[in-house]
Amino acid sequence: MEQPHLSTSRAPSVRSSTPGRRSCVVTGAAGFIGSKLAATLVDRGWDVVGIDGFTDSYDPVEKRARASVLGHMNGVTLVEGDLVDMDLEALFEGAEVVFHLAGRAGVRASFDEEPKYVHDNVLTARAVVAAARRAGVRRAVYASSSSVYGNSPTPFAETAPPAPISPYGRTKLEAERTFLEAVSDGLEAVALRYFTVYGPGQRPDMGLRIFAEAALRGEPLTLLGDGTQRRDFTYVDDIVSATIAAADAPASGLAINVGGGSSVTLLEVLELLRSLVAGDVTVQFLPPARGDVRATEADASRAASLLGFRASVPFQVGFPAEVAWVRDRVETMQLEEVRSA
Ligand SMILES: NC(=O)c1ccc[n+]([C@@H]2O[C@H](COP(=O)([O-])OP(=O)(O)OC[C@H]3O[C@@H](n4cnc5c(N)ncnc54)[C@H](O)[C@@H]3O)[C@@H](O)[C@H]2O)c1
């Protein structure tokens, strides 16, 4: 595939705003959510500077493929580098909004790789906030997580005291506070607490994608726990809509839940998966994973009143779209395996 132009972090300024278009920065632009956010922003009249460090959180080939698609869009400039070491002020100059989606996601790996989580979540947040203030950015929108609630009673309301039970949740909470405290220095800031995001393009370490890949390959799948754990799965297009709405929301200094509108058990996920792959799905149940919470469910009232947001894609519609995307990938890989055999 033809590679797009990637600027280096030393570029003094990469912004060439088009008259009549708004300007923003998306960090983590090669990620699952960041790449969709950047593409949608361009469609909605924004010029985007996208930054990504192509970290080792999962196969960077997948991130580079997303960046390649983005890099060919008019209105997107991609810059490669680690946010902690870059001259971010120069990159933020002239931007009205910074959407900070770069981070290290995933609960389980955070127990073994805590320093990387601190770097990618806590230190990037500090660097982004400091540069946004110096560059005169109006607003920062931070991609926080429902993990800050831990095993709090459901539904989770933003007014509940945070109680993270993993290094991931703790680093997201610390980053979130870095953003919200910057409000006293004149930066508008909103922290969106995303609830398990899914859909085509999902990260390869996430459960739904792992389940779908195994089922479509006819392999047994492994479920950690008894399957009665519940997640408020949120379709990626809904997440993107809420994130863009946060750029102009009449709110600052607040955390806002962004959930999918229904809490689904993993046993229900498997039932739907069986009907989608039209075959038997063998499941091996293992003990629950460390840091896995029993249930997540967003209280969606703050998002409704401040973002005008209501999830529009139910799980019964969104999951088939993800499975169709996984099916295409699996079939393409199987064809390539046959050709190279
Ligand atoms: N996917 C979910 O279910 C979910 C749920 C809650 C919160 N979030 C948050 O949303 C954000 C995006 O999640 P995602 O699923 O798209 O993850 P992702 O891993 O696909 O995307 C994150 C991107 O950030 C980049 N990045 C990480 N550290 C960096 C650094 N130091 N410098 C430059 N780039 C760096 C990575 O290379 C990656 O491309 C993350 O902050 C995550 O914590 C995601």
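The exercises below concern a predicted model and come with worked solutions. Residues are numbered from 1 along each chain as its sequence is written. Local features need pLDDT of at least 70, side-chain atom pairs count only at pLDDT 80 or more, and totals for chains, interfaces and linings use all residues.

**Exercise 1. State the average pLDDT of the chain and find stretches where the pLDDT is below 50.**

Step 1. pLDDT is the predictor's confidence in each residue, from 0 to 100. The chain averages 94, and 95% of the residues score at least 70.

Step 2. Residues 1–5 fall below 50, with eight contacts beyond near neighbours in sequence. Two residues are in contact if their C-beta atoms, placed from the backbone, lie within 7 Å.

Step 3. Residues 8–12 are also below 50, and this stretch has eight such contacts in the model.

**Exercise 2. Describe the packing of helices H6 and H8.**

Step 1. Helices (H or I, at least four residues) and strands (E, at least two) are DSSP runs, numbered from the N terminus. H6 spans residues 207–216 and H8 spans residues 266–277.

Step 2. The angle is about 35° and the axes are 11 Å apart. Axes are lines fitted to C-alpha atoms, for helices over the stretch in contact, and angles run from 0 to 180 degrees between N-to-C directions.

Step 3. Leu-208, Phe-211, Ala-212, Ala-215 and Leu-216 of H6 meet Val-269, Leu-273 and Val-277 of H8. By class, this contact has eight nonpolar, no polar and no charged residues. Ala, Val, Leu, Ile, Met, Phe, Trp, Tyr, Cys and Pro count as nonpolar, Asp, Glu, Lys and Arg as charged, and the others, Gly among them, as polar.

**Exercise 3. Characterise the shell around the ligand.**

Step 1. The ligand is surrounded by 28 residues (C-beta atom, placed from the backbone, within 6 Å). The closest are Gly-28, Gly-31, Gly-53, Gly-103 and Val-197.

Step 2. H1 (32–43), H4 (114–135) and strand S6 (139–145) each supply at least two residues. The largest share, three residues, comes from H1.

Step 3. By class, the shell has twelve nonpolar, ten polar and six charged residues.
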